[in-house]
Amino acid sequence: MTECKLKKMSSSRRQHLKSFLLQIAHGLLEEEASEAEQEKQRYMEENCPDLSLPGSMQALQELCRKLHQQIDVIDAQRYDMESKEAKSNKEIEDLKIKVQDLKGKFKKPVLKKVRMSADAMLQALLGSKHKVSLDLRANLKQVKKEVKEEEKEAVGDWRKNIEDKAGMDGRKKMFESEA
């Protein structure tokens, strides 16, 4: 069928189908619950026979010892099952992480901008061990003034050499004497 031939379902029809599906689901849930109850009864009959209490004290004590031994066996089985489950859950988590690593799709969290001084940053990183305030300006490299003066003299020498070659030496002395 083409799209133009399909008609929208009326709300009453949709409501009727929805209620019909809910009735079917309710019936399936009831059947499942009754099957679970029957399975529980069957298991209890197999593993827990009817208790016959003997009349003498020795027989009661023997029955208690036997029940305690069965409880110990069941507890050991339960512990083994729990440890196997924990181990398999850990393996599943490890495999999920490996799959995620192989896909390479990670959601990077949005980082917030935080204004923090150097002292506060060291305090956060080192904890209470950090007590000395950090003076960043003291660690800056100091520039020697002598180096700059030498550069200026080198520039003056270069200009002097050029002026000597151009024959400007006489005129320069004339202007210097006036000033």
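Analyst: Buried means under 20% relative accessible area, exposed over 50%, and partly exposed in between (1.4 Å probe, protein chains only). This is a predicted model: local features need pLDDT of at least 70, side-chain atom pairs pLDDT 80 or more, while totals for chains, interfaces and linings use all residues. Residues are numbered from 1 along each chain as its sequence is written, and side-chain values use heavy atoms, without hydrogens or water.

User: Which residue forms a salt bridge with Arg65?
Analyst: A salt bridge puts a side-chain nitrogen of Lys or Arg within 4 Å of a carboxyl oxygen of Asp or Glu. Arg65 is partly exposed at 48%. Its closest N–O distance to the partner is 3.4 Å, and that partner is Glu62.

User: In which helix do Arg65 and Glu62 lie?
Analyst: Helices are DSSP runs (H or I, at least four residues), numbered from the N terminus. Arg65 and Glu62 are 3 residues apart, about one turn, in residues 57–103: helix 2.

User: What is the N to O distance between Glu46 and Arg42?
Analyst: Glu46 and Arg42 sit 4 residues apart in helix 1, so about one helical turn separates them. Glu46 is exposed at 53%, while Arg42 is partly exposed at 38%. Their side chains meet in a salt bridge at 2.7 Å.

User: Is Glu32 buried or exposed?
Analyst: Glu32 is found in helix 1, residues 11–47. Its relative accessibility is 53%, so Glu32 counts as exposed.

User: How many salt bridges are found in the whole structure?
Analyst: Another example joins Lys96 and Glu93 at 4.0 Å. A search of the whole structure gives a count of 7.

Conventions:
Helices (H or I, at least four residues) and strands (E, at least two) are DSSP runs, numbered from the N terminus.
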